[in-house]
Amino acid sequence: MALLELNDVVAGYGPTTVLHGVSLSVDEGGIVALLGANGAGKTTTLRAISSTVRRTGRVVFDGHDISSHAPENVARLGIAHVPEGRGTLGQLTVWENLQMGAYIRRGGVAKADYDRVCEYFAWIPERRRQVAATLSGGEQQMLAIARALMMRPRMLLLDEPSLGLAPLIVQEIFKIVRAINEQDKVTVLVVEQNASIALQASAHAYVLEVGRVVVSGTSVELQKDEAVRRSYLGY
Amino acid sequence: MLAFIQQIVSGIATGGIYASLALGLVLIYRAMDVANFAQGEMATFSTFISYSLIEYAHFDFWSAFVVTILVSFGLGVAIERLLIRRFEGAPVLTLLIVTLGLFTIFNGVTGLIWGYVFKAYRGAFPSTPVQFGGLYLNTQDLGVFAVVLVMLLLLYLFFSRTKAGLAMRAASLYPDSSRLLGVRVGWMLALGWGLASTVGAVSGMLVAPIIFLDPNMMQAILLFAFAAAVLGGIESPLGAVIGGVAVGIVMALVGTYIPGGQDLRLAFGLVVIVVVLLVRPAGLFGRAAVKRV
């Protein structure tokens, strides 16, 4: 059954419409990739889900129609959006960032959750008191994922986790995203420009072009698709 | 020499008053980057409420104090929810004009309800001089200062140790990211106004026994509070208190040692603001934002 469903979603900024009727669905338990060129509407699609952009159309999450929910209420239903730019609370410490991640949870940061993110990101315990803005880009991306995990989300929306990071770090981050998906049973919708790594990590993928879904299928099929290969994989 | 030290001591005492009002300014500035011109008039309004409770409902001072604090908190929250909220995302200048409007409304309503006759206000602390090594201190000044320090400590604990305090800091610095974490940012701003209004009420109830109660009593003090807040770095509660004390001392010395200084106190308050903004815009305790590019 689909955990998240978008039905004919139109969204934009001011007078500019970016999404011209996007429909897609994400099954519970999977990793779905959203690919496309710059300006295709990938980020806007995630923002339409978390309600941080003006939109029309239907967005249904876990049976709830969240089309008119405010962003904080979408978050409270269990959708953790790691936005473009990672949403780092830069002037707060690493620990305070995690505390804010656990904001909607009763009793704050649960020990089990904290131990879990420290397993994924071993550097966190010794850097707890460091101001987040002074972390490296890769560390900030990891902190953003750790912060999202503190919400115990049912679904994780990741906006270009590879942006500006060295290839090795990108590999590591995707390895962790897969672990989160398998072990913590978090459904993942990931937006990527780096199509090859996204297709390796995901089971299903959608390709956006100028605000519309143009191709969708399993990631294995898309890797073989001639047009997708030439446009997005570059070989 | 003793006279000089005496002036410094009384400067510190008045500085406590400036500090308490400056704390309120800092709270709202931190929450929404706007100087609340109505801070003083809201404080006056609250002080009149406590006056009525004491004079007409025969509350003792501390019961009136507690009730006034609660009412002021609600008032601050209501102002944000009903009025300020409608200007969300508006330019700072717009918000500034709105707080100026609040200034005139509170001033007018206070005058309408309680009139413009100066009223004696019996405060929390008796005004008894105590001699201390040749210096004269006043129990009232000591009390005022103690209350200001307690307020500073409580605010510090609130912002650094509580979930709501952390969420308020996050919401004011990073509203968009905070929303994605489930924070009701609007209510955090309202909480900021509530706290500022409460802190203002306390400063009003501290100052009224010293200068008599009237609808305009906070206007001169507000300027010195602005000077204190700017000197302290406008975003730092500790800076506001230290700035308040510094401004208090400077004003006491100006009033004593500069011919005509007593009349020029307001002008010197303005001089402090201008000099700080020119020489060190971040103030004593303002920190430049940490940024990684």
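Guide: Two residues are in contact if their C-beta atoms, placed from the backbone, lie within 7 Å. This is a predicted model, in which local features need pLDDT of at least 70 and side-chain atom pairs count only at pLDDT 80 or more, while totals for chains, interfaces and linings use all residues. Residues are numbered from 1 along each chain as its sequence is written, and chains are lettered from A and ligands numbered from 1 in the order in which they are written.

Visitor: Against which element do the buried residues of α4(B) pack?

Guide: A residue is buried if 20 or more other C-beta atoms lie within 10 Å of its own. In α4(B), that holds for B:Val98, B:Thr99, B:Phe106, B:Asn107 and B:Thr110. The element they pack against, also in chain B, is α2 (39–55).

Visitor: How far does helix α4 of chain B reach from its first C-alpha to its last?

Guide: Helices are DSSP runs (H or I, at least four residues), numbered from the N terminus. The expected span is 1.5 Å times one less than the number of residues. Helix α4 of chain B covers residues 92–114, 23 residues in total, and its reach, close to the 33 Å expected, is 33 Å.

Visitor: Which residue follows α4(B)?

Guide: The residue that follows α4(B) has a positive phi, near 80°. Its name is B:Gly115.

Visitor: What is the radius of gyration of chain B?

Guide: The radius is taken over C-alpha atoms, and the globule rule is 2.2 Å times the number of residues to the power 0.38. For 293 residues, a compact globule would have a value near 19 Å. Chain B agrees, with 19 Å.

How values were computed. Helices (H or I, at least four residues) and strands (E, at least two) are DSSP runs, numbered from the N terminus. A residue is buried if 20 or more other C-beta atoms lie within 10 Å of its own, exposed if 12 or fewer, and partly exposed in between; C-beta atoms are placed from the backbone.
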